Amino acid sequence: MARLIISADGPEKFDIWKKAFAEVAPDLSVLSWYASQTRLQPSDYVLVWSPEADHYPALATAKAILCTGAGVDHLLNAPGFPRHIPLVRMGGEQTGQLMADYVTWAAIALLRQARTWAIQQAEQRWACNTIARTTDATRIGVMGLGHLGAYVATHLARVGFRVSGWKRSPATLTGVKVYAGQEALPEFLETADILVNLLPSTPQTDGIISEEFLKKLPRGAGFINVGRGRHVVQTDLINALNAGILCGAVLDVVTPEPLPATSPLWTHPSIIITPHVASEASPLMQAQYVAEAIGQIERGEKPALLCDPQRGY
Ligand code: OXD
């Protein structure tokens, strides 16, 4: 029987995880990382989010590490993290659906300038900002067409947006015009009334969203960040909003997290902030995904979201 040691979310959440795994994978033996009797064996799987550095030597003896995050940059970039151990990112149907729902909400919030309504409500002020911008007349560009990006882009196309996507290598996606490679990036940006960032965080992509970059979008475009805060040069984003280069931004990820109370992002009249909550699937759905990935590894198959440490995601 395969064993899964849970370190994710600390000792307090272990019972929730245990119950979820008991429901979807009763054959899996589930133990807490924090129980004094738990000793990691080389055939063990470990579920983590952001383990302490002093966990790394033990993690280096696991059969595979599974992460509750869709992004694993925080692990791959951490000095001493055992990059040689197979590492699987979070995925699954519900993770994709939640992200697609979030981005749809954020895009419509940008179209209708929902931030203005929230400000007016806080001030108890009735002022009509009727804006006749519709989904079918809006071009939305999804940057990063990995597991989540592809899910989001096809969903937005079903909702009625005019959708394009950008990735490093060519691909086909139903209802989505795909731009591939560095040379196609300017054209992709020129045609995005709303830009959605879903790139992985790597040394090549960190800081990519600068004022210069945002100027390549149609003037007054909207921006949604569900990738990483590190992708964005924060002062450039604020400058772009203040200069009308962007009409608004919805940020689920920022740097640092949690965002300090002193950050100007909190109070900017064109920014909506959410606390990195776009796509966290329920423990049951995450458990199901993890159990499936473990099953695949046990059968000698390769899980679809197995990381390539060289690539960085
Ligand atoms: C992430 C996540 O990796 O929320 O950002 O899953």
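**Exercise 1. The ligand site**

An oxygen atom of the ligand is 2.7 Å from a polar backbone atom of Gly71. For this predicted model, determine which residues lie around the ligand and how much of the ligand's accessible area the protein covers.

*Solution.* 

Step 1. Begin with the backbone. Besides the pair at Gly71, with its separation of 2.7 Å, a backbone N or O atom of Ala70 lies 2.8 Å from a ligand oxygen atom.

Step 2. Turn to the side chains. Arg228 places a polar side-chain atom 2.7 Å from an oxygen atom of the ligand.

Step 3. Consider the cover. On its own the ligand has 210 Å² of accessible area, and the protein covers 82% of that area.

Step 4. Complete the shell. The residues around the ligand are Gly69, Ala70, Gly71, Arg228 and His276. Sorted by class, this shell has one nonpolar, three polar and one charged residues.

**Exercise 2. Domains and the annotated span**

State how the chain is divided into domains, and relate this division to the span that UniProt lists.

*Solution.* 

Step 1. Domain 1 consists of two segments, 3–92 and 281–298, while domain 2 is 93–273.

Step 2. Taken over C-alpha atoms, the centres of domain 1 and domain 2 are separated by 31 Å. Ten residues from domain 1 and ten residues from domain 2 take part in the contact.

Step 3. An unreviewed UniProt entry lists residues 106–278 as "domain: D-isomer specific 2-hydroxyacid dehydrogenase NAD-binding". The end C-alpha atoms of this span lie 10 Å apart, and its content is 27% helix and 20% strand.

**Exercise 3. Backbone geometry**

Which residues does a cis peptide bond join, and where is Gln124, with its positive phi, found?

*Solution.* 

Step 1. Recall the reference case. Most residues other than glycine have a negative phi, and most peptide bonds are trans.

Step 2. Examine omega. Thr255 and Pro256 are joined by a cis peptide bond with omega about -10°. Another cis peptide bond, with omega about -5°, joins Glu257 and Pro258.

Step 3. Locate these prolines. Pro256 lies in the loop between β11 (246–251) and β12 (271–273), and Pro258 is placed in the loop between β11 and β12.

Step 4. Examine phi. Gln124, a residue other than glycine, has a positive phi near 50°. Gln124 is found in the loop between α5 (114–122) and β6 (139–143).

Methods
Residues are numbered from 1 along each chain as its sequence is written. This is a predicted model: local features need pLDDT of at least 70, side-chain atom pairs count only at pLDDT 80 or more; totals for chains, interfaces and linings use all residues. Side-chain values use heavy atoms; hydrogens and water are left out. UniProt positions are given in the numbering used here, feature names are shortened, and annotations may be inferred rather than shown by experiment. Helices (H or I, at least four residues) and strands (E, at least two) are DSSP runs, numbered from the N terminus. A residue is near a molecule or strand if one of its heavy atoms lies within 4 Å of it. A polar contact is a pair of N or O atoms within 3.5 Å; within protein, one must be able to donate a hydrogen and the other to accept it, and residues adjacent in sequence count only if both atoms are side-chain atoms. Accessible areas come from the Shrake-Rupley method with a 1.4 Å probe; for residues, only the protein chains shown count as cover. Ala, Val, Leu, Ile, Met, Phe, Trp, Tyr, Cys and Pro count as nonpolar, Asp, Glu, Lys and Arg as charged, and the others, Gly among them, as polar. Domain bounds come from an automatic or database domain assignment. Contact means heavy atoms within 4.5 Å.
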